[in-house]
Amino acid sequence: MDRQTILDDASRSFWFLMTEQAVRWRRARAETMAAQCAHMAEVNGKPNVEIGIIPEATQVPGTPMNIFVVYDDRLVTVELFSGEVVLRDPREIIQHLNLFDLFWSHALTGGDASAYLEEAATKFMRQRD
């Protein structure tokens, strides 16, 4: 939670994009998952934070092959099971920015993303152990 205080820095902006599977894959107890979804919906209300969720039923003309983080126009990191790759070549950064834009254009955002997360939290609460 300490790491999340950076989200309160209004001089920065954050865009988080995930698939429906990332939200619904039960990696912890139902109560924990519900709290996580509710927290993400709350964070999505911050003026400098945008959360996008790509629904499973959405046809997307591409497949995310791995997790990547775009820090700015100079740095992208790609997460692999065996480690992390750091990209600094402008062509690779542009490629990842374009990939992000492609996936983002198919995502639920704003109030729709928050409503989706709140609905997921409710469903997890119904599954409590």
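The lining of the largest pocket comprises 28 nonpolar, eight polar and six charged residues. This description rests on a predicted model. The pocket holds about 2200 Å³ of space. Its lining has 42 residues, and Phe16, Leu17, Ile67, Phe68 and Val69 lie nearest the centre. Two or more lining residues come from each of strand 1 (14-19), helix 1 (20-24), helix 2 (30-43), strand 2 (49-54), strand 3 (67-72), strand 4 (75-80) and helix 3.

Phe16, at 33%, counts as partly exposed.

Phe100 and Trp104 also form a stacked pair, with centres 5.5 Å apart and planes at 20°. These two residues are four positions apart in helix 3 (residues 90-104), so about one helical turn separates them. Both Phe100 and Trp104 are buried.

Side chains of opposite charge can pair when their charged atoms come close. The structure holds six salt bridges. One of them joins Arg24 and Glu20, with 3.4 Å from N to O. Both residues belong to helix 1 and lie four residues apart, about one turn of the helix. Arg24 is partly exposed at 25% relative accessibility, whereas Glu20 is buried at 16%.

A salt bridge also links Lys123 with Glu119, at 3.1 Å from N to O. Because Lys123 and Glu119 are four residues apart in helix 4 (residues 110-126), they are separated by about one helical turn. Lys123 is partly exposed, with a relative accessibility of 33%, and Glu119 is likewise partly exposed, at 38%.

Arg74 and Asp72 form another salt bridge, in which the closest N and O atoms are 2.7 Å apart. Arg74 has a relative accessibility of 57%, which is over the 50% limit, so it counts as exposed. Asp72, at 27%, counts as partly exposed.

Terms used
Residues are numbered from 1 along each chain as its sequence is written. This is a predicted model: local features need pLDDT of at least 70, side-chain atom pairs count only at pLDDT 80 or more; totals for chains, interfaces and linings use all residues. Side-chain values use heavy atoms; hydrogens and water are left out. Buried means under 20% relative accessible area, exposed over 50%, partly exposed in between (1.4 Å probe, protein chains only). Rings of Phe, Tyr and Trp (its six-membered ring) pair if their centres lie within 6.5 Å; planes under 30 degrees apart count as stacked, over 60 as edge-to-face and the rest as tilted. On a 1 Å grid over the protein atoms alone, a cavity is a set of points where a 1.4 Å probe fits but cannot get out, and a pocket is an open set with protein on both sides within 12 Å along at least five of seven lines; lining residues have an atom within 4 Å of a point. Grid points are joined across faces, edges and corners, and a volume is the space filled by probe spheres set on the points. Ala, Val, Leu, Ile, Met, Phe, Trp, Tyr, Cys and Pro count as nonpolar, Asp, Glu, Lys and Arg as charged, and the others, Gly among them, as polar. A salt bridge is a side-chain nitrogen of Lys or Arg within 4 Å of a carboxyl oxygen of Asp or Glu.
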